[in-house]
Amino acid sequence: SCKTEWFNRDNPSGNGDYEDFSSLQKEYPGQICSNPVACEVETTSGLPSSSSGDNVAPCSISTGFVCVNKDQADGSCEDYRIRFTCPESFCKYPTLETAPQH
């Protein structure tokens, strides 16, 4: 397996920090496998989400990661980034998965 780059598509302005899988796939086409096997989330300063002090659920390989500002004691989320672990087929041949289907 291999890991993707870190992606940071949102910041905590507005309702929160939404690093959701469907938006990430749209905004970074071909850079994230469609069937990741794991995910990791950390703050942009490199702190794991579990250590950030924010009230957040762990990331999900199907939905990604969301931090909602109003769920936080201080009313604001940290700025998070996410990366996915992809299966070997994607690591070796990433273009095959993103080729147009005829």
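T4 is located in the loop that runs between β1 (2-3) and β2 (16-20); helices (H or I, at least four residues) and strands (E, at least two) are DSSP runs, numbered from the N terminus. The model is predicted, so local features need pLDDT of at least 70 and side-chain atom pairs count only at pLDDT 80 or more, while totals for chains, interfaces and linings use all residues. Residues are numbered from 1 along each chain as its sequence is written, and side-chain values use heavy atoms, with hydrogens and water left out.

**Surroundings of T4**

- T4 counts as buried because its relative accessibility is 9%; buried means under 20% relative accessible area, exposed over 50%, and partly exposed in between, with a 1.4 Å probe and protein chains only.
- When neighbours within four places in sequence are left aside, T4 is in contact with Q31, I32, R83, F84 and C86, where contact means heavy atoms within 4.5 Å.

**Aromatic rings**

- The structure has 3 aromatic pairs. Rings of Phe, Tyr and Trp (its six-membered ring) pair if their centres lie within 6.5 Å; planes under 30 degrees apart count as stacked, over 60 as edge-to-face and the rest as tilted.
- One of these pairs joins F7 and Y28 in a tilted arrangement, with 4.6 Å from centre to centre and 45° between the planes.
- F7 belongs to the loop between β1 and β2 and Y28 to the loop between α1 (21-27) and β3 (38-43), so this pair ties together parts that are 21 residues apart in sequence.
- F7 is buried, at a relative accessible area of 3%, whereas Y28 is partly exposed, at 22%.
- R81 lies over the face of W6, at 5.2 Å from the ring centre; a charge sits over a ring if NZ of Lys or CZ of Arg is within 6 Å of the ring centre and within 35 degrees of the ring normal.

**Nonpolar core**

- The largest nonpolar core has 13 residues, of which F65, I82 and F84 touch the most other members. Such a core is a set of buried Ala, Val, Leu, Ile, Met, Phe, Trp, Tyr and Cys residues joined through side-chain atoms within 4.5 Å.
- Two or more residues of this core come from each of α1, β3, β4 (64-68) and β5 (80-86), and β5 gives the most, with 3 residues.
- Apart from neighbours within four places in sequence, the contacts of I82 include W6, F7, L24, V41 and F65.

**Salt bridges**

- There are 5 salt bridges in the structure, each being a side-chain nitrogen of Lys or Arg within 4 Å of a carboxyl oxygen of Asp or Glu.
- E27 and R9 form a salt bridge whose closest N and O atoms are 2.9 Å apart; E27 is in helix α1 and R9 in the loop between β1 and β2, 18 residues apart.
- E27 is partly exposed at 41% relative accessibility, and R9 is partly exposed at 25%.
- E40 pairs with R83 in a salt bridge, the closest N and O atoms being 2.8 Å apart, and the pair links strand β3 with strand β5 across 43 residues.
- K3, E40 and R83 are linked in a network of salt bridges.
- R81 forms a salt bridge with E42, with 2.5 Å between the closest N and O atoms. R81 lies in strand β5 and E42 in strand β3, so the pair ties together parts that are 39 residues apart in sequence.
- R81 counts as partly exposed at 23% relative accessibility, whereas E42 is buried, at a relative accessible area of 13%.
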